[in-house]
Amino acid sequence: QVQVVESGGTLVQAGGSLRLSCLASGNFASIMYMDWHRQTAGDQRELVASITDAGRTTYADSVKGRFIITRDNAKTTAFLQMSSLKVEDTAVYYCNVLAEITGTGLTSYWGQGTQVTVSS
């Protein structure tokens, strides 16, 4: 079993910065990649940023140049550095982890989400 916990969400003014953290813990062989998604009420969850175990990153067009995703050396914590925040970045941000489980294979796990609210 893998536990995924996000933190760092809060209220911030437009133009400000915020860093989210995602910690994966539990019984797994490795973490293949870690993603950040976001969702607002009534909308589908959208992929914001992704980072592989090799450090390759991808971003949604809406956040390119403003958000940066990184991982720690242990590759169990992902960070999302958000800058130049806009009101439309307001959402619940979820972390998704693809873990390799011994004897099971690759399994995806979601965190509970952390609320980011950007005020004008």
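Author: In β11, V92 has Q115 as its bridge partner. The model is predicted, so local features need pLDDT of at least 70 and side-chain atom pairs count only at pLDDT 80 or more, while totals for chains, interfaces and linings use all residues. Residues are numbered from 1 along each chain as its sequence is written, and side-chain values use heavy atoms, with hydrogens and water left out.

Strands here are DSSP runs (E, at least two residues), numbered from the N terminus, and two of them pair if DSSP finds at least two bridges between them. Strand β2 (residues 11–13) runs parallel to β11 and is joined to it by three bridges; there, L11 has T117 as its bridge partner.

Along β11 (residues 114–119) the side chains alternate. T114, V116 and V118 point to one face and are buried (under 20% relative accessible area; exposed is over 50%, partly exposed in between, with a 1.4 Å probe and protein chains only).

D89 meets R66 at 2.7 Å, N to O. D89 lies in that loop and R66 in the one between β6 (57–59) and β7 (67–71), so the pair ties together parts 23 residues apart in sequence. Both D89 and R66 are buried. Salt bridges with shared partners join R38, E46, R66 and D89 into one network.

Notes
Helices (H or I, at least four residues) and strands (E, at least two) are DSSP runs, numbered from the N terminus. A salt bridge is a side-chain nitrogen of Lys or Arg within 4 Å of a carboxyl oxygen of Asp or Glu.
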